[in-house]
There are 2 protein chains.
Amino acid sequence: MGKITAHELAKKQKEISVAEFFERNKHILGFGNQTRALITSVKEGVDNGLDACEEANILPDIYVEIKNHEDGECKIIIEDNGPGVVKKQIPHIFGRLLYGSRFHAIRQSRGQQGIGISAVVLYGQLTTGKHAKIISKVDEDRPAIITELAIDTNKNRAEVINKDTTHWEKPCGTRVEVSIIADYKRGKRFVYDYLQSTSIVNPHAQIIYKEPDGTEYIFERTSETLPKKSVEIKPHPYGVELGTLIKMSKHTKSRKLSSFLKTEFSSMGDRTTKSALEKANLDKDLNPKEMSRDQFLALHKAFKKVKIMAPSTDCLSPIGETLIKRSLKHETQEISPEFIITASRPASVYSGNPFQVEVGLVYGGNLPKEETVKILRFANRVPLLYQQGGCVTTQAISSIDWRRYGLNQPSGKGIPSGPAIFLTHVSSTLIPFTSESKEAIADVTEIENEIKLAFRECARKVQHHIHKEVKRAKTREKFDLITKILPEIAKKSANILDKPVPSLDPIITKIMDVVWIEDLIEYEKIKREPVQTTLVGVTPTDDKGGTITKSRIMVVNYKQTPQKLNLYAVIPQDAIVGTVTPKPSKITNNYIKWNLETIPPANKIDINFELAGLEKGDFDENDLYIENINPTFVIGADKWEGD
Amino acid sequence: MGKITAHELAKKQKEISVAEFFERNKHILGFGNQTRALITSVKEGVDNGLDACEEANILPDIYVEIKNHEDGECKIIIEDNGPGVVKKQIPHIFGRLLYGSRFHAIRQSRGQQGIGISAVVLYGQLTTGKHAKIISKVDEDRPAIITELAIDTNKNRAEVINKDTTHWEKPCGTRVEVSIIADYKRGKRFVYDYLQSTSIVNPHAQIIYKEPDGTEYIFERTSETLPKKSVEIKPHPYGVELGTLIKMSKHTKSRKLSSFLKTEFSSMGDRTTKSALEKANLDKDLNPKEMSRDQFLALHKAFKKVKIMAPSTDCLSPIGETLIKRSLKHETQEISPEFIITASRPASVYSGNPFQVEVGLVYGGNLPKEETVKILRFANRVPLLYQQGGCVTTQAISSIDWRRYGLNQPSGKGIPSGPAIFLTHVSSTLIPFTSESKEAIADVTEIENEIKLAFRECARKVQHHIHKEVKRAKTREKFDLITKILPEIAKKSANILDKPVPSLDPIITKIMDVVWIEDLIEYEKIKREPVQTTLVGVTPTDDKGGTITKSRIMVVNYKQTPQKLNLYAVIPQDAIVGTVTPKPSKITNNYIKWNLETIPPANKIDINFELAGLEKGDFDENDLYIENINPTFVIGADKWEGD
């Protein structure tokens, strides 16, 4: 073997088209095997449909159909009632990788890469040699466009095979039909699971799913309100890379550094800008296009030294406590877990991208005790079904020592075993997925830390919950004993002495020496008023659920002196407060507060409030706090720590 | 919020450059955090250097240096003695993503994407704003070229900042200098580990590593022979996708279907081609460019019905049993494990890509018993350090029930715990990595199955080994008892009866009633002859190691009748056989065979053989088999099952 020269090797060096790259590396896009190929195809189509509808302020109606042929070929049909795609853009959106509208916008969306749906078309063509069929209607008064296309992978461009108009009964929308080789038998269950989970965290969407045998599932819309639309924002100076800063300076229209900072970044007001420039020792009138690397470096370092307001969270759309609980309840149907606890972190930033972590935890009941805990993962309201082992979520959970929270975990690392389900949702303007298949979140330190903090908070709440239960159980035992035995003794003694049976209230009060708070939650079904279906579905909020949640709280003074206290009942942010008795002193988004004046010994006060906008079970336990009283005297509520 | 139309949305839809895509999604390339960024950068540089040298038939000398500045900036320098890169190609190779020579070739190499090294340049520019510096020398007689470049991410093209010639003492090679933001303190250990592992499985490479504080590590070359060069092959018909088949037909120069099949595919001879065309009911003279989808479909289906020879494994370069053992030994220094076992599967195919799985297993010794087993992963001779949880390797291991092999594994799934280390190596013309960062292998069913089969084989060998040990131990106990107690009894009895002590050999033989085989391995250091350093380093093979491995086997006949048998000693494929006594009847790549004629009762035969080309410890246990004798009579060897 002789030496081979650089000149000989140079002949082989050439460009690789991105479509060609992914054609060969289809596993990177989530098409590594035929089961996954099925789920990925459905997922990309549905994500696309949901994004399109939400972007156009339309309540999503998604239709998914799978036709399964005997030779392993599946036809996937996905239809939405979104705005449609204009004729000229159809070949680009569906027949070209790395093309789209969501990549350059900083706001939360499901798709962010401009790869997903064209990847499905590419996979279909690779495995079945068939073209994709796209129907798009953008205007109620004009016919739909039907396009048959393939992808020329050497060029990464669509090849339009056929184009025509057609009648379509929908006012607007998009329908994609792709034939792929897939394992329907194995994938079936996952498709259903994926659609169901998607429906739970997207209650504003209706999803209809038709299986090959004709079975049709309807995942009903349970909320007529679109989630708060995520707003497009500018990059935040914290965590912006030096290279990005320099690149931005080249493309800005601002001629002065100060206006560059104020117009191209979020959270940069006059004061912050001035302060950053001072720290960087830079003149505000510098032309950003003429600045040196060292000047940018100084500016970049100055960002970190100045207190800059956190990025606006308008660009994020978290799932919220109620939906997380509902999702977890769904996973634990007929398992009657002991409790469900959630925690939500404030928004944070990594590499200039805002993100927010929400977690939930179910514990106990009939959940299997021997197996590792189940982990449910969501990113931007999309369930993640694969690559659990490679996800930062798993890494964060594995790094917490769960043994002290009663779970089994050899050597205090790894996924714990025990009767629990963990849920995480990361929302971000840019989810750092480990690959284009969007199945796992990369181990970005900032995200890992937030997930850990959220679960630690959950774990603390769990301990707190257990502690409260234990305390209450002990007191109840004492109480039961007193109320059974004391009257017996009193009766017997009175009999012997031939005296009347004395009132025991003061004695019971003396022995108990606590304020006892007990509560109960009931649900009442209400008739749903007929709703006028509109495309832009902002309907009255009390129509959200069909259930009124009724909470009853009883405060008994078992102390020897009159007591007064303030009581707080925490309520879900998305609940609507109805009747409240007695009159509260304050109602906020988060709680109802009562100033309870002077409860005489052995007396009680009944408190009632109603919540609308929740489903049965969304709110199933009161979270009560007290103020202006020594908390050690109170059973059933904790010290209020402030808003 | 009003409805937003497709026309409004269309304004935002645009192309995304691949560099821009990865700039934003740098975590996909393995730059998700600053620790990983360091390791990824070193890895991409070293992989590139090794590939370049091997491609040009040069024994690799790789130099790695890291300079660490206080503000988290690291300068990474990687130098090879490869063929260099021609001037014109430098901006493309280092300043453009998806450009290279290895993507379009079907053969095993480390890099396959044309992304790695330009990704390092991109990350450097993003985080430090500094340019990369490339020195390349392609010809001993001409000066080196020094190029300073950046990447214009909007265009995915290099921006050459500066170009000049310079003196470089090397005859040829490439040197890359990139400044990146990285966490040296945390990453330090991993860089060392990565280089060490790389050196072990690439014994033909010398790697010098200089740390920021000046410490220099030299991972010496231990083999002067380049690994068998992997040969470029054509796609194999098994597993080729229908879409790929159609695409190939469009680009072929063949005008007839039969010649298309014979020239564009591997393993398609006259007979196979004829047979496939018959099954597909297609005329051999069809013009492939004019065939319909249905005709290709028929052909595609016919491929699966015809017996086609497995793809040539010339395109693969497995690590081999000896290096796997050496690597595992290295991991268990001073741990004295009970045994190391390896298994190697025959080459197989997924989606038309040949691949091969090798595995190894260490058990026992001082390895921690409580922790989950350690998993070492390699792909195309590159150690994989991250994303273990997302790797098919882990999935395959987790799906085996290890409890019956003595490891702890709750519910029979998941990574087992116990004193063991598992190693896997997958070699392929196209490793299906889960992402461009090349850290984990996707869950391709065919690969998963091969890994499972390999580990099952290992596990069986473990059981077998344990079984053999137990059997031998029992017999030895018996033997010890007999040889201690019987002589005592004989002596006492003889004394009492005043008779001479009788010979016990026939009695011992009668009680033992086995053929006993025992063995011993010793190593002898030999003087290394001076080697003439040449660029194309094919040097005499007996110089590979500096050690002679001496194996001594003793066969004792403890049966009452004379015995004859054939004995096989299995030897590593890469060992060179030296002196053998007595004269063997056969020597192959895999074993030495002796026909042992008539060993009288209570007699023994001594067998010796020497192996060169191995390091001390590479061969540390004889693997012995017997033939032409009832295996139940033999202790220390098993039945020969054929080649």
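This is a predicted model: local features need pLDDT of at least 70, side-chain atom pairs count only at pLDDT 80 or more; totals for chains, interfaces and linings use all residues.

Biologist: What percentage of the residues of chain A count as buried?

Modeller: A residue is called buried if 20 or more other C-beta atoms lie within 10 Å of its own. Chain A has 643 residues, and the buried share of them is 49%.

Biologist: Among contacts in chain A between residues at least 6 apart in sequence, what percentage join residues at least 24 apart?

Modeller: A contact here requires C-beta atoms within 7 Å. Of the contacts in chain A between residues at least 6 apart, those that join residues at least 24 apart make up 73%.

Biologist: What rotation superposes chain A on chain B, and what relation is that?

Modeller: Two copies of a chain are related by a rotation about an axis and a shift along it. Here the RMSD is 0.2 Å, the shift along the axis is 0.0 Å, and the rotation is 180°. That is the relation of a two-fold axis.

Biologist: How many residues does each chain give to the contact, and what percentage of the contact residues of chain A recur in chain B?

Modeller: The contact takes 76 residues from chain A and 76 residues from chain B. The same surface serves both copies, and the share of the contact residues of chain A that recur in chain B is 100%.

Biologist: How do the residues on the side of chain A that touches chain B divide into nonpolar, polar and charged?

Modeller: Elements that each supply at least two residues to that side include α5 (116-128), α7 (242-251) and α10 (293-305) of chain A. By class, the residues on the side of chain A that touches chain B are 33 nonpolar, 32 polar and 11 charged.

Biologist: Which strand of chain B pairs with β4(A), and which residue stands opposite Tyr99(A)?

Modeller: The partner of β4(A) is strand β1 (residues 14-15) of chain B, in the antiparallel sense over 2 bridges. Within β1(B), the residue opposite Tyr99(A) is Glu15(B).

Biologist: Why do the buried residues of α9(A) line one face of the helix, and which helices do they pack against?

Modeller: The buried residues of helix α9 (residues 270-280) of chain A are Thr273(A), Ala276(A), Leu277(A) and Ala280(A). Seen down the axis of α9(A), they fall within an arc of 95°, so they line one face. The helices that the buried residues of α9(A) pack against are α8 (257-264) and α10 of chain A.

Biologist: Where is Lys438(A) found, and is Lys438(A) buried or exposed?

Modeller: Lys438(A) is not a glycine, yet it has a positive phi of about 55°. Lys438(A) is found in the loop between β16 (420-428) and α13 (445-497) of chain A. Because 27 C-beta neighbours lie inside 10 Å, Lys438(A) counts as buried.

Terms used
Residues are numbered from 1 along each chain as its sequence is written. Chains are lettered from A and ligands numbered from 1 in the order in which they are written. Two residues are in contact if their C-beta atoms, placed from the backbone, lie within 7 Å. Helices (H or I, at least four residues) and strands (E, at least two) are DSSP runs, numbered from the N terminus. Ala, Val, Leu, Ile, Met, Phe, Trp, Tyr, Cys and Pro count as nonpolar, Asp, Glu, Lys and Arg as charged, and the others, Gly among them, as polar. Two strands pair if DSSP finds at least two bridges between them. Copies are superposed by least squares on the C-alpha atoms of residues with pLDDT of at least 70 in both. A residue is buried if 20 or more other C-beta atoms lie within 10 Å of its own, exposed if 12 or fewer, and partly exposed in between; C-beta atoms are placed from the backbone. The arc is that of the directions from the helix axis to the C-beta atoms.
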